[in-house]
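Here is a friendly walk through one protein model. Keep the picture open while you read, and try to find each part as it comes up.

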Amino acid sequence: MLEELQTYIKLAVDVTHGIAAGGGEWHADCEQVLLADGSRQEDIWGADWSPSTRQVTFEAFINIRPRQNNRGMQIQNPELRKQVEAIVRHLFE
């Protein structure tokens, strides 16, 4: 998954199924993998994982969703951020 960006991994995380796709050039690349696998777009959120610092960040264009009350690239809901982070840490640590 580090092949594309080398220092961090772009992810799309399905918070309903507790799964993630990663390693693409864009979060949308990862999102498409999950959609093809049956995930619903409203359940998929963008994040990044940095293996060297073990840091999860929550900024992605796919997170801009006014209809879900998320108007910026950052995941704005603290509970949703916790959920995404828990899934990422479970899968990558």
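In this predicted model, four strands make up an open sheet in the order β2-β1-β3-β4, with antiparallel pairing. β2 and β4 are the edge strands, and each of them pairs on one side only. On average, neighbouring strands of the sheet are turned by 35° against each other, direction ignored.

Let's look at the pairs around β1. β1 and β2 run antiparallel and are joined by four bridges. In that pairing, Val13 stands opposite Ala20 in β2. β1 and β2 form a hairpin with four residues between the strands, and Gly18 has a positive phi near 70° there. β1 also pairs with β3, again in the antiparallel sense, over six bridges. Here you can pick out Ile9, whose bridge partner in β3 is Trp49.

Now for the helices. Helix α1 takes up residues 27-36 and lies across β1, β2 and β3, running at about 35° to β1. Helix α2 packs on the sheet too, touching β1, β2, β3 and β4, and its direction makes about 115° with that of β1.

Which residues of α1 are buried? They are His27, Cys30, Glu31 and Leu34. These four cover an arc of only 105° around the axis, so they sit on the same side of α1. The buried residues of α1 pack against β1, β2 and β3. Just after α1 comes Gly38, with a positive phi of about 105°.

α2 has 15 residues and reaches 21 Å from its first C-alpha to its last, close to the 21 Å expected at 1.5 Å a residue. Its buried residues are Leu80, Val84, Ile87 and Val88. Looking down the axis of α2, you see the buried residues fall within an arc of 95°, so they line one face of the helix. They pack against β1 (9-14), β2 (19-22), β3 (44-50) and β4. What does the face turned away from the buried side of α2 carry? Look there for the exposed residues Glu79, Lys82 and His90. At the start of α2, a side-chain oxygen of Asn77 reaches to within 2.7 Å of the backbone nitrogen of Glu79.

| Residue | Relative accessible area | Class |
|---|---|---|
| Asn63 | 0% | buried |
| Tyr8 | 29% | partly exposed |
| Met1 | 49% | partly exposed |

Start with Asn63, which lies in the loop between β4 (55-57) and α2 (78-92). Is Asn63 buried or exposed? Asn63 counts as buried because its relative accessible area is 0%, while the cut-off for buried is under 20%. Its side chain reaches the backbone oxygen of Met73 at 3.1 Å. Leaving aside neighbours within four places in sequence, Asn63 is in contact with Trp45, Gly46, Phe58, Asn70, Gly72, Met73 and Ile75.

Tyr8 is found in the segment before β1. With a relative accessible area of 29%, Tyr8 is partly exposed. Where does the chain come back towards this residue? The C-alpha atoms of Tyr8 and Ser52 are separated by 8.3 Å, with the two residues 44 apart along the chain. Setting aside neighbours within four places in sequence, Tyr8 is in contact with Leu2, Asp48, Trp49, Ser50 and Pro51.

Met1 counts as partly exposed because its relative accessibility is 49%, and exposed means over 50%. With neighbours within four places in sequence left out, Met1 is in contact with Ile9, Gly22, Gly23 and Phe92. Met1 and Val84 are 83 residues apart in sequence and 18 Å apart in space, C-alpha to C-alpha. Val84, remember, is one of the buried residues of α2.

Technical notes
Residues numbered from 1 in each chain as written. Predicted model: local features only at pLDDT ≥ 70, side-chain atom pairs only at ≥ 80, totals over all residues. Heavy atoms only, no water. Helix = DSSP H or I, 4+ residues; strand = E, 2+ residues; numbered from the N terminus. Buried < 20%, exposed > 50% of the residue type's maximum accessible area, 1.4 Å probe, protein only. Polar contact = N/O pair within 3.5 Å; in protein donor to acceptor, adjacent residues only side chain to side chain. Contact = heavy atoms within 4.5 Å. Expected span 1.5 Å × (residues − 1). Arc of directions from axis to C-beta. Pairing = 2+ DSSP bridges. Axes fitted to C-alpha atoms, helices over the stretch in contact; angles between N-to-C directions.
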